[in-house]
Amino acid sequence: MRADYIMVGGFLGAGKTTAMLQLAGHLVAQGRRVGLITNDQSQGLVDTSLLAAQGYPTAEITGGCFCCRFGSLTDAAERLTRDARPDAFLAEPVGSCTDLRATVQYPLRRLYGDAYRVAPLSVLVDPTRAARMLGLEAGRAFSPKVTYVYEKQLEEADIIVINKRDLLGEAQREALAQALRTRFPQATVVAVSARTGDQLEDWFHLLAAPASPRDAMDVDYDLYAEGEALLGWLNATVRLSAIASFDGNALLHQVAMVVQARLADNDIEIAHFKMTLAPDMGNDLGVLNLVRTEGSVEAPYLLADLLTHGELIINLRAEGDPDRLKQVVDAALAQVTREAGVRASIEHSEHFRPGRPVPTHRLVAP
Ligand SMILES: Nc1nc2c(ncn2[C@@H]2O[C@H](COP(=O)(O)OP(=O)(O)OP(=O)(O)O)[C@@H](O)[C@H]2O)c(=O)[nH]1
Ligand SMILES: [Mg+2]
């Protein structure tokens, strides 16, 4: 029996992790066994913490994207197979990554075709980002080289999934779907809400079809590398402790508000700012996200109780100098924890620009 390999791509903040959780729930309800694979340029991932907290077998690939760490991808799948024998792997590539057809799907099919059935490539979009990229809506956007990466992601999609349909009126949704169909005619376009579950069946249904046998697209790797490197990356793991119990939800919210205001002052566009706070005791988890500098702070999971000790994971990806991102996050953390009477000690912190993508394999034809 071959296991399904289902890749859920799309730009930073589009809703890949949220959608993957829904897909995992759907498959498990059908009696399937799933294994989840997360991926990032470095360690300390909010997504891994979030998925593992839901009880799913999860493997994390760090230190580069799937395409550049192809061996780690198949190793992770084998590890999950030993532990949980999944018959469906759901994999979330790094949100700044493209050319997945040539560097992941075709090599998997060619080298491991006996082990995996490769599902069509889904690329999720945040509707506001997509509308700005297509010129349907005005507002703060990324620079042209970052936009190149964004467009390449859509150009290779079998399925373009407009996510967050709960935020759209019917006319807005239709205009966006039509513009995407015109610009990316190779893809089937669906509109879903990974948050509410609305219309997800349309997407799930498309995943059962075979992936399209098209040749891979052309990619200018210099431009791709430059676009990716314009995005600053920051991952930090921070231990929080206090004598008196404190409100973790309020603390997360305040950190986000301060970071958002300072990045706006620096004219830096956020791609995705996300945090999890896990108390040392119990399974509670608070999650907070911001997917645009002008966007609103969202807390999809709130902590149920006050806490005294916990682990805070911060992942920030924004179009700006990583040193500046680090200064902004450190200053916000220092200010907010001081005001809350909480001690913060940084256990792990990295900030950098992603390196040039150098795929392990690149196969143009399936
Ligand atoms: N309104 C709304 N928000 C959503 C929906 N799906 C996801 N979100 C929110 O969008 C934000 C980003 O979601 P994630 O699932 O973390 O996005 P991602 O694509 O995995 O992000 P990266 O891993 O950073 O690339 C979170 O605040 C989610 O709660 C949706 O259908 N509707
Ligand atoms: Mg994610």
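Which pocket does ligand 1 sit in? The largest one. Keep in mind that this is a predicted model; here are my notes on the two ligands.

1. **Who surrounds ligand 1.** The shell around ligand 1 has 23 residues, and Lys16, Thr17, Thr18, Asp166 and His272 are the closest.

2. **Where the shell comes from.** Three elements each put in at least two residues: helix α1 (16–29) and strands β10 (269–279) and β12 (298–301). Of these, α1 gives the most, with three residues.

3. **Polar contacts to check by eye.** Start at Gly13, where a polar backbone atom is 3.1 Å from an oxygen atom of ligand 1. Then go to Asn163: one of its polar side-chain atoms lies 3.1 Å from a nitrogen atom of the ligand. Asn289 also uses its side chain, with an N or O atom 3.3 Å from a ligand oxygen. As for cover, ligand 1 on its own has 650 Å² of accessible area, and the protein covers 96% of that.

4. **The magnesium ion.** Ligand 2 is a magnesium ion, and its protein donors are Thr17 (OG1), Asp47 (OD) and Glu92 (OE), at 2.1 to 2.2 Å.

5. **How the metal donors are spaced.** Along the chain, the donors follow T-x29-D-x44-E. Asp47 and Glu92 link distant parts of the chain, 45 residues apart. Asp47 belongs to helix α2 (residues 46–53), while Glu92 is in the loop between β4 (88–91) and α4 (100–112).

Conventions. Residues numbered from 1 in each chain as written. Chains lettered and ligands numbered in written order. Predicted model: local features only at pLDDT ≥ 70, side-chain atom pairs only at ≥ 80, totals over all residues. Heavy atoms only, no water. Near = heavy atom within 4 Å. Polar contact = N/O pair within 3.5 Å; in protein donor to acceptor, adjacent residues only side chain to side chain. Areas by Shrake-Rupley, 256 points an atom, 1.4 Å probe, with all protein chains shown as cover. 1 Å grid on protein atoms, 1.4 Å probe; cavity = no way out; pocket = protein on both sides within 12 Å on 5 of 7 lines; lining within 4 Å. Sits in = over half its atoms within 2 Å of the grid points. Helix = DSSP H or I, 4+ residues; strand = E, 2+ residues; numbered from the N terminus. Donors = N, O, S within 2.8 Å, 3.2 Å for Na, K, Ca; no water.
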